[in-house]
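Please open the model in your viewer and keep the selection tool at hand. The tour below moves from one selection to the next and says what is to be found at each stop.

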Amino acid sequence: MTAMAISFVLKPRRQDRAYNSFLVLQYVLLSFVSEFLAIVGADFATGQIIRATLRSPLWLALLKLGVKFRSHAANLSDDDLSKFLTNDVIFGGVLVGLGQLAFLMFGSIQCDGK
């Protein structure tokens, strides 16, 4: 999900139809297909189907928000856009990614209580 969020803001001034279609397709594949696979993995349990159905409008709202944020980021000046991308997006994404890796690394260590 972090990579998907970063992809929405990395090239905000690129507004051609093919690139925007690619972003939307990537978003749909990562969000709705994962919801469908969760339903299949739960053997089509009714509770899982209801939860996935309730989460779908949230995914659509986040997509709409991401597209709107992308257009606002495109209107920034060169200096502001550079500061935003380097300080917030890239460094913030790196810290989140490192935090996830640290969690996985320490989560796999088993203590037997001795």
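Begin by selecting Gln48, Ala52, Trp59, Leu63, Gly66, Arg70, Ala73 and Ala74, which are the buried residues of helix α3; buried here means under 20% relative accessible area, exposed means over 50%, and partly exposed lies in between, with a 1.4 Å probe and protein chains only. What you are looking at is a predicted model, in which local features need pLDDT of at least 70 and side-chain atom pairs count only at pLDDT 80 or more, while totals for chains, interfaces and linings use all residues. Residues are numbered from 1 along each chain as its sequence is written, and side-chain values use heavy atoms, with hydrogens and water left out.

Now extend the selection to the whole of α3, residues 46-74, whose 29 residues reach 43 Å from the first C-alpha to the last, close to the 42 Å expected at 1.5 Å a residue; the expected span is 1.5 Å times one less than the number of residues. Helices (H or I, at least four residues) and strands (E, at least two) are DSSP runs, numbered from the N terminus. At Arg55 the helix α3 bends by about 25°, and a proline, Pro57, follows within four residues; the bend is the angle between axes fitted to the seven residues ending at a residue and the seven starting there.

Glu35 counts as buried at 8% relative accessibility, whereas Arg55, at 29%, counts as partly exposed.

How many salt bridges does a search of the whole structure find? There are two, and to see another pair, select Asp16 and Arg14, which form a salt bridge with their closest N and O atoms 3.0 Å apart. Asp16 is partly exposed, with a relative accessible area of 32%, and Arg14 counts as partly exposed at 36%.

Next, select Leu25, Leu29, Val33, Phe36, Leu37, Val40, Phe44 and Ile49, which make a nonpolar surface patch of about 720 Å². Such patches are made of residues with over 30% relative accessible area and no salt bridge, where like charges are joined within 9 Å and nonpolar side chains (Val, Leu, Ile, Met, Phe, Trp, Tyr) within 5 Å. Helix α2, residues 17-41, gives the most to this patch, with six residues. Phe36 has its place in helix α2 and is partly exposed, with a relative accessible area of 48%.

Leaving aside neighbours within four places in sequence, Ile49 is in contact (heavy atoms within 4.5 Å) with Ile39 and Phe44.

Finally, zoom out to the protein chain, which has four helices and zero strands. Buried residues make up 21% of its 114 residues. Among contacts between residues at least 6 apart in sequence, 68% join residues at least 24 apart.

Terms used:
Areas by Shrake-Rupley, 256 points an atom, 1.4 Å probe, with all protein chains shown as cover. Salt bridge = Lys/Arg side-chain N within 4 Å of Asp/Glu carboxyl O.
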